Amino acid sequence: MSIPLAQHTAPLLLIQRRMPWALIGLLALAFIGVPLWGNDYWLNAILIPFLVLSLAGLGLNLLTGYTGQTSVGAAGFMAVGAFATYGFLLRLPELGLPVALLGGGVISALVGLLFGLPSSRIKGFYLMVTTLAAQFFLEWLFVKFPWFYNYGSSGTISAPRLALFGHDLNTPLGRYLLTLVTVLLLTWTAINLVRTQVGRNWMAIRDMDTAAAVVGIPVVRYKRLAFAVSSFYLGIAGALWAFAYLGTASASSFDINRSFQILFIIIIGGMGSIAGNFVGAAFISLLPIFLSHAGQALFGGSVDAGQLQNLQKIIFGVLIIVFLIKEPEGLIRLLHNLRDRVRQWPLRF
Amino acid sequence: MTFFFETLLGGLLAGTMYSLVAIGFVLIYKASGVFNFAQGAMLLFAALTFVSLHDQGVPFALALLLTVIVMSVGALLIGRLVLRPLVNRSQITLFMATLGLSFIIEGLAQGLMGSQVRALDLGIDDVPLFVGPLMLSQFDLIAAAAAVVLVTVLALLFNKTRIGVSLRAVADDTTAALSIGINLNRIWQIVWAVAGIVGLVAGLLWGARQGVQFSLSLVVLKALPVLIIGGFTSIGGAIVGGLIVGAAENLAEVYIGPLIGGGITPWFAYVLALAFLYIRPAGLFGERAIERV
Amino acid sequence: MSQAILQVRDISLSFKGVKAINALSFEVLRGEICALIWPNGAGKSSLLNVLNGVYRFDAGEIVFEDQHFHRIDPLGAARRGIGRTFQNNALFKKMSVLDNILTGLSRHMRSSFIEQALGLPRARREAEAFRLRAQGILEFLELQAHRDVLVGNLSYGLQKRVELGRALIAGPSLLLLDEPMAGMNAEEKQEMARFVADVNRDLGTTVVLIEHDMGVVMGLSDHVVVLDYGRKVGDGTPAQVQANPEVIAAYLGVVH
């Protein structure tokens, strides 16, 4: 039963194909510029955490921004990924780093699936509470059972060896490239997912899940898929956070504050957007640095670090509220509007 | 057997503290449909304000009064700047706004009053009391008594005064309440102020129990299981929910804890709440929401 | 395949003691446009909700495509070929017109999420095929100009058309329309009536619709069923129903 297209009209599929210059430029900068000119400080303290946080934001965004299931347990799933990858690297080193990372992601996806099972019966606010349960439970799990951290006395994990095809990746540049490639690959798959039927189904569930069911979308299955895929991304982000950024991590690196931080990234960056995660992560990574420099400049170096932290908290809180009120679609929407206005500008009379 | 009852009672008494916190939430949720995540931060702020004033030598009663005033002014500001602009948005959006709010309040609290743990001396010693064969904490008993007094006062407020009746009208149907001329803003301000005071009492008791420190604001997270079990819209539910959570946590820690490694209090309440969600999604006393297509 | 695509047999539905639908029986023939008119009593949407599984009826059975059902769920109904629009526009407000219409094809999706995530050939071909079908629907319903507009930004009439498109793209054999012309002006109603007629004629879809506007209903439908307080009082062609004294009484009211 197909719709007969009018005979005199050839199917006109107008797809805009523009050369994505901006994207190419960014990629060139990332792959060529940074290794050439970047110094260790920039790599270690800014770029790597920025990339990992973007990935984490992306993971949470798939669940919360695209599928509409609010989760405050993001860090818990990051922890699963970190500890699982650690387990792979430690106990099955012959599998290699990429498999260990993927394995960490898969295990995290399974755990995410488990905690996502209640989504078939509960929604919205109450579902958020299950994610909270997940967060606290997982934090407890990785403290209480020494097997996870190989019975070390301090409860911490660090990567036994970060190597790919014989090259030692444990240099700032090596870790940066590892993170960059991983994040880019996963972002590409995320873009594919959200542009196809999977993404549409997720967004339909977000916008009105009863209608989605009527339209023929298997809502329960897709909600669970969202939990699994989101946790997959978060798991890999967690592993990268532990080994490419921190070097050494413990359960407390993935506490509730981290979960809130990721939530803020997607609120400020833009929920339901891929690019927004990068914008949000950049913001969250750069603001503390900007603040401390501003503090130094304004008060001549006598600013208490603790006070700066408090100020940062206040600013974040204010921004969250301002964004929720004024621009619920986050910074990315603001940037889009800005770009459109800049484009129009020469023609505005 | 005695040990079981002691654990149970100890849990129940601790539960009254949870109830206190949960009541603050219920008040705000009933009147404005917002789950106020900032309740914990408000607790912290209240406790810190009181402690700072008291430490400076301000007498007890005066410090209390000043704190109440500060909290009320704060409530006004919150209503004006945060709640009003977000009036028609989804629950989750409002929740996230209060999350942001909690950050602001925490930042302010610690910025203005420092982040070290402060001892709060309410003049109540935490000594063991013997009630029959059972050993209970004097502090817990007094806290429970305070909770009872507070609830009684609130009950009288809601049922006997005009403001209380207006509050219930607003909670029931905001549009209808508006159409008979109830000043929504006033009601919200009053509710937030009352919630602030409840928060103050809770904050003081919690602060005296474990010192006034940052983690106080995380006590709010414990209120969630209480509200799920008791229902978001019932004060009675908050009380019962708090008692259940307190008792269950204590019993679980003592009896189940050793089997799986101990320290299960951080998450046990949530699992309990999850179980409740499956059996009775609206909580013991809450209202069922009906979804319309 | 029998003549009747849908048979409603003695269906009853109560809400807390109020009988919304009372022992209702009627038949819808394949390929016809059947209008349900309901002058008095609440619960118009309830009947459609029962037909596509959103509500569970208390008694009776439904026979669809010669299969007997005592209960059906929305997903099952969609899979069997029952499409539906809603009174209040259950569209996905933050998605574009094209995306909304494409969601209607979900149950035809064959490629797995891995294939879609990695952009594998089968997923790409399927996405292309879906896009072509959506294109066809957009043309049929004259919505191409609004293809990328967010549905929440469209006028009410256009939104209703998008909803129709979403229900159509899956190729349903039975289409349930809940007040498809509500809130429209005369011109929009004509247009929508034309589209419904086109759907019925060009695609052979059986249509069951609930509607108030008598003029539209009488001109558009082949078969009319009149209900009064959940009970059937008229069943036949538009002309027969218009002449039915019980129907007239239901509309004008009778002194008891």
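## Two helices crossing in chain A

In this predicted model, α10(A) goes past α11(A) in a right-handed crossing. The residues doing the touching on the α10(A) side are Gln261(A), Phe264(A), Ile265(A), Ile266(A), Ile268(A) and Gly269(A). Across from them, α11(A) puts in Gly276(A), Asn277(A), Val279(A), Gly280(A), Ala281(A), Phe283(A) and Ile284(A). Sorted by class, this contact has 8 nonpolar and 5 polar residues, with no charged ones.

Now for the geometry: α11(A) covers residues 275-299, and the axes of α10(A) and α11(A) sit 7 Å apart at an angle of about 120 degrees. Angles of 65 to 115 degrees would count as roughly perpendicular and those over 145 as roughly antiparallel, so α10(A) ends up oblique to α11(A).

## Where chain A meets chain B

How many residues of chain A are in contact with chain B? It's 33, and they touch 36 residues of chain B. On the chain A side, the elements giving two or more residues are α5 (124-144), α8 (209-215), α10 (256-269) and α12 (305-326).

The largest share belongs to α12(A), with 13 residues.

## A look at chain B

Chain B has 11 helices and 2 strands. Reading from the N terminus, the order is α-α-α-α-β-β-α-α-α-α-α-α-α. Of its 293 residues, 47% count as buried. If you take the contacts in chain B with a separation of 6 or more, 76% of them join residues 24 or more positions apart.

Which residues of α3(B) are buried? They are Thr67(B), Met71(B), Gly74(B), Ala75(B), Ile78(B), Gly79(B), Val82(B) and Leu83(B).

## One residue in chain C

Over in chain C, Pro238(C) belongs to helix α9, residues 238-243. Is Pro238(C) buried or partly exposed? It has 17 C-beta neighbours inside 10 Å, so it counts as partly exposed; buried would take 20 or more.

Setting aside neighbours within four places in sequence, Pro238(C) is in contact with Met218(C), Ser221(C) and Val224(C). Arg125(C) is another matter: 113 residues away along the chain, its C-alpha atom is separated from that of Pro238(C) by 46 Å.

Key
Residues numbered from 1 in each chain as written. Chains lettered and ligands numbered in written order. Predicted model: local features only at pLDDT ≥ 70, side-chain atom pairs only at ≥ 80, totals over all residues. Helix = DSSP H or I, 4+ residues; strand = E, 2+ residues; numbered from the N terminus. Buried ≥ 20, exposed ≤ 12 C-beta atoms within 10 Å, placed from the backbone. Contact = placed C-beta atoms within 7 Å. Axes fitted to C-alpha atoms, helices over the stretch in contact; angles between N-to-C directions. Parallel < 35°, antiparallel > 145°, perpendicular 65-115°, else oblique. Left-handed = near helix turned anticlockwise from the far one by under 90°. Nonpolar A, V, L, I, M, F, W, Y, C, P; charged D, E, K, R; others polar.
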